[in-house]
Amino acid sequence: MPEAVIVSAVRTPIGTAFKGTLSETPAEDLATHVLREAVRRSGLAPGRFDDVAFGEVMYGGGDLARYAAVAAGMTHVPGVAVQRHCASGLAAIGMAAASIRAGMDRAVVAGGVQSSSTGPSLTWRIPGSDGSEQRIAPTFPHTDEATDDVSLSVGWNVAQRYGLTREQMDAWALRSHQRAVAATGSGAFADEIVPIKVTRRDGSVVEFAADEHPRSNTSAEKLASLAPLHPEIDGFSITAGSASGMNDGAAALAIVADDLARAEDLPELAVVRAWTAVGVQPAYTGVGAIDAATKVLERAGLRASEIDLWEINEAFASVPVAACEVLGLGEDRVNVHGSGCSLGHPIGATGARMVTTLVHELRRRGGGFGLATMCAGGGQGGAVVIEVP
């Protein structure tokens with residue numbers, strides 16, 4: 001059985017939605033940009049790829065992976081839209097690895113894209129009437145305990161279940177910003193970020209080359225001063241400061257069979273060792289990141305202590321804080337360059353961004369195992385384990 005080898009891993013800088021540098025750049029342009037660069041860096045001719053799989057979330061149909069393939073001149077390559085909410089990018093990587101290990105495909109580009117700034121608003125006809133309403137597509141049956149308000153199902157309910165304090169979550173969010181700012185300043189993202197030229201609303205063209213969401217001026221005092229998102233709930237401890245941002249961005253990884261990589265002398269950056277997805281109670285969606293990590297460790301035949309670096313998406317800071325407690329993780333190995341609270345959370349792209357960051361940081365450190373895990377809308381979770389030799 002062939003191994004699934006990552007031979008390139010790239011991403012755009014992450015923009016702040018609606019007011020940031022990528023706010024006028026549609027998702028299809030972001031997807032095309034990272035696809036082209038992932039293929040170029042792979043060293044494999046575009047005509048050798050079998051498929052493109054991109055996570056995309058809340059776009060109401062379409063197929064951005066296929067759009068990007070055609071726009072990049074890879075007309076013969078099909079594309080598939082992957083939708084597992086926040087874990088869509090991870091699911092795309094798992095799909096690519098599975099197809100390669102099964103011997104069905106030899107080379108696939110997997111990733112994800114999100115333009116929260118330009119995404120559509122979906123209008124639905126109300127059954128039994130001619131009226132309509134705007135809402136997101138359904139993922140689970142709503143109840144009093146489980147709604148689309150993720151500050152409850154991801155942030156607050158996880159904090160309540162594991163007895164987390166606001167101070168713990170604010171401290172995590174602060175450190176996330178500090179790490180992201182430090183990583184940008186030190187050039188830690190230089191190998192993974194692909195600068196992109198964008199046209200602003202006024203017609204000017206600028207090159208966007210660095211994440212713009214991390215805040216160098218945040219502090220414990222500023223975070224402590226923020227109002228809770230639900231002041232009507234007694235003791236509610238989730239604020240905008242301990243939540244991820246709304247963001248734009250894309251990431252892509254070229255994944256090929258190991259024998260193809262050797263035959264073509266391609267750069268073998270990492271091996272995809274295991275992947276998984278889980279379902280949990282929608283009211284406790286944040287737990288999906290913990291359950292997915294546990295399951296993917298079992299599939300990989302590894303213990304948590306054997307993982308050198310972790311990426312645990314900061315949909316809300318409560319998720320990684322709880323995961324560290326449950327899994328017994330040292331915080332020095334988790335989100336070493338920041339995550340959702342600081343870098344931001346371009347939903348369809350985040351999973352691929354996390355794995356991209358793991359690939360490059362593990363290579364800088366001389367190799368090892370990396371695990372990316374995250375919760376996903378509707379009571380889900382996804383995770384991927386890679387090994388950098």
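Which residues lie nearest the centre of the second largest pocket? They are His-177, Arg-215, Leu-226, Ala-240 and Gly-241, out of a lining of 14 residues. This is a predicted model, in which local features need pLDDT of at least 70 and side-chain atom pairs count only at pLDDT 80 or more, while totals for chains, interfaces and linings use all residues. Residues are numbered from 1 along each chain as its sequence is written, and side-chain values use heavy atoms, with hydrogens and water left out.

Back to the pockets. A pocket here comes from a 1 Å grid over the protein atoms alone: it is an open set of points where a 1.4 Å probe fits, with protein on both sides within 12 Å along at least five of seven lines, and a lining residue has an atom within 4 Å of a point. Volume is the space filled by probe spheres set on the points, with grid points joined across faces, edges and corners. On that basis the second largest pocket comes out at about 270 Å³. Its lining splits into five nonpolar, seven polar and two charged residues, where nonpolar covers Ala, Val, Leu, Ile, Met, Phe, Trp, Tyr, Cys and Pro, charged covers Asp, Glu, Lys and Arg, and polar takes the others, Gly among them.

The largest pocket holds about 950 Å³ of space. Its lining runs to 41 residues, with Met-58, Ile-136, Val-150, Met-246 and Ile-347 nearest the centre. Strand E5 (107–115), helix H4 (150–161) and strand E13 (368–376) are the elements that give two or more residues to this lining; the labels follow DSSP runs numbered from the N terminus, helices (H or I) needing at least four residues and strands (E) at least two. H4 supplies the largest share, four residues. By type, the lining of the largest pocket has 20 nonpolar, 18 polar and three charged residues.

Next, the nonpolar cores. A core is a set of buried Ala, Val, Leu, Ile, Met, Phe, Trp, Tyr and Cys residues joined through side-chain atoms within 4.5 Å, with buried meaning under 20% relative accessible area, exposed over 50% and partly exposed in between (1.4 Å probe, protein chains only). The largest core has 75 residues, and Ile-6, Phe-54, Val-355 and Ile-386 have the most contacts inside it. Strand E10 (residues 247–257) gives the largest share of this core, eight residues. Another core lies apart from it, with 44 residues that include Val-158, Val-278, Ile-307 and Ala-383. In soluble globular proteins, nonpolar side chains tend to be buried together.

Helix H3 (residues 88–101) has Ser-88 among its residues. Ser-88 is buried, at a relative accessible area of 0%. Its side chain reaches the backbone oxygen of His-85 at 2.6 Å, inside the limit for a polar contact (N or O atoms within 3.5 Å; within protein, one able to donate a hydrogen and the other to accept it, and residues adjacent in sequence counting only if both atoms are side-chain atoms). Setting aside neighbours within four places in sequence, Ser-88 is in contact (heavy atoms within 4.5 Å) with Gly-55, Glu-56, Val-57, Val-82, Gln-83 and Gly-348. Arg-101 also lies in H3, but this residue is partly exposed at 24%. Residues up to four places away aside, Arg-101 touches Met-1, Pro-2, Glu-3, Ala-4, Arg-273 and Trp-275.

The loop between strand E2 (15–16) and helix H1 (27–42) contains Ser-23, which counts as buried at 11% relative accessibility. A polar atom of the Ser-23 side chain lies 2.9 Å from the backbone oxygen of Gly-20. Among the contacts of Ser-23 beyond four places in sequence is Phe-18. Phe-18 sits in the loop between E2 and H1 and is exposed at 52%. Phi of Phe-18 is near 75°, a positive value in a residue other than glycine. Asn-335, in the loop between helix H9 (318–327) and helix H10 (347–364), also has a positive phi, near 50°, and is buried at 2%. Most residues other than glycine have a negative phi.

Finally, Trp-124 in strand E6 (residues 123–125) is partly exposed, with a relative accessible area of 28%. Its C-alpha is 7.3 Å from that of Arg-135, eleven residues apart in sequence, and the side chain of Trp-124 reaches the backbone oxygen of Arg-135 at 3.0 Å.
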